[in-house]
Amino acid sequence: MNVDHEVTLLAEEIRRLGSKNADGRTSVKFGVLFNDEKCANLFEALVGTLKAAKRKKIITFEGELLLQGVHDNVDVILLQD
């Protein structure tokens, strides 16, 4: 799978699992994404896909890297609907 396709799938999964925040943007907790069975099957390297999407300004999150457990409560925010 190519990176652009994975980033598109990631945006779809954020829409599916997330909800609108106070700014009207869709967001989901990293732990919800990481622990979702469909996401686990779709993404071989979720963290890598998140980093690629952040570089392309599709999403944003606090920090450079998200790790399971430590960053489960970090919001992953979709910048483009």
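These legends go with close-up views of a predicted model.

**View 1. Helix α1, end to end.** At the start of α1, look for Asn2: one of its side-chain oxygens comes to within 3.2 Å of the backbone nitrogen of Asp4.

**View 2. The buried residues of α1.** Glu6, Val7, Leu9, Leu10, Ala11, Glu13 and Ile14 are buried in this helix. Residues three or four places apart on an α-helix point the same way, because there are 3.6 residues a turn. What do the buried residues of α1 pack against? Their partners are β2 (26–29), α2 (30–35), α3 (37–42), α4 (46–55), β3 (59–60) and β4 (75–78).

**View 3. The nonpolar core around Leu33.** The largest nonpolar core has 21 residues, and the ones with the most contacts inside it are Leu10, Ile14, Leu33, Leu50, Ile59 and Val76. Two or more residues come from each of α1, α2, α4 and β4, with α1 giving the largest share, 5 residues. Zoom in on Leu33 and, leaving out residues up to four places away in sequence, you'll find it touching Leu10, Glu13, Ile14, Leu17, Val28, Cys39, Leu46, Leu50 and Val76.

View 4. The 4 strands line up as β1-β2-β4-β3, with antiparallel pairing. Strands β1 (19–20) and β3 sit at the edges with a single partner strand each, so one side of each has no neighbour in the sheet. Over at β3, 2 bridges tie this strand to β4, the two running antiparallel. Ile59 stands opposite Leu78 of β4.

**View 5. Ser27 and Asp75, across from β2 to β4.** Ser27 belongs to strand β2, while Asp75 is in β4. They are 48 residues apart along the chain, yet their C-alpha atoms are separated by 6.1 Å. Are these two buried or exposed? Ser27 has 11% relative accessibility, so it counts as buried; Asp75, at 33%, is partly exposed. Setting aside neighbours within four places in sequence, Ser27 is in contact with Gly18, Ser19, Asn21, Asp75, Val76 and Ile77. With that same exclusion, Asp75 touches Ser27, Val28, Lys29, Thr60 and Phe61. For Lys29 there's also a polar contact: its side chain and that of Asp75 are joined at 3.1 Å.

How values were computed. Residues are numbered from 1 along each chain as its sequence is written. This is a predicted model: local features need pLDDT of at least 70, side-chain atom pairs count only at pLDDT 80 or more; totals for chains, interfaces and linings use all residues. Side-chain values use heavy atoms; hydrogens and water are left out. Buried means under 20% relative accessible area, exposed over 50%, partly exposed in between (1.4 Å probe, protein chains only). Contact means heavy atoms within 4.5 Å. A polar contact is a pair of N or O atoms within 3.5 Å; within protein, one must be able to donate a hydrogen and the other to accept it, and residues adjacent in sequence count only if both atoms are side-chain atoms. Two strands pair if DSSP finds at least two bridges between them. A nonpolar core is a set of buried Ala, Val, Leu, Ile, Met, Phe, Trp, Tyr and Cys residues joined through side-chain atoms within 4.5 Å.
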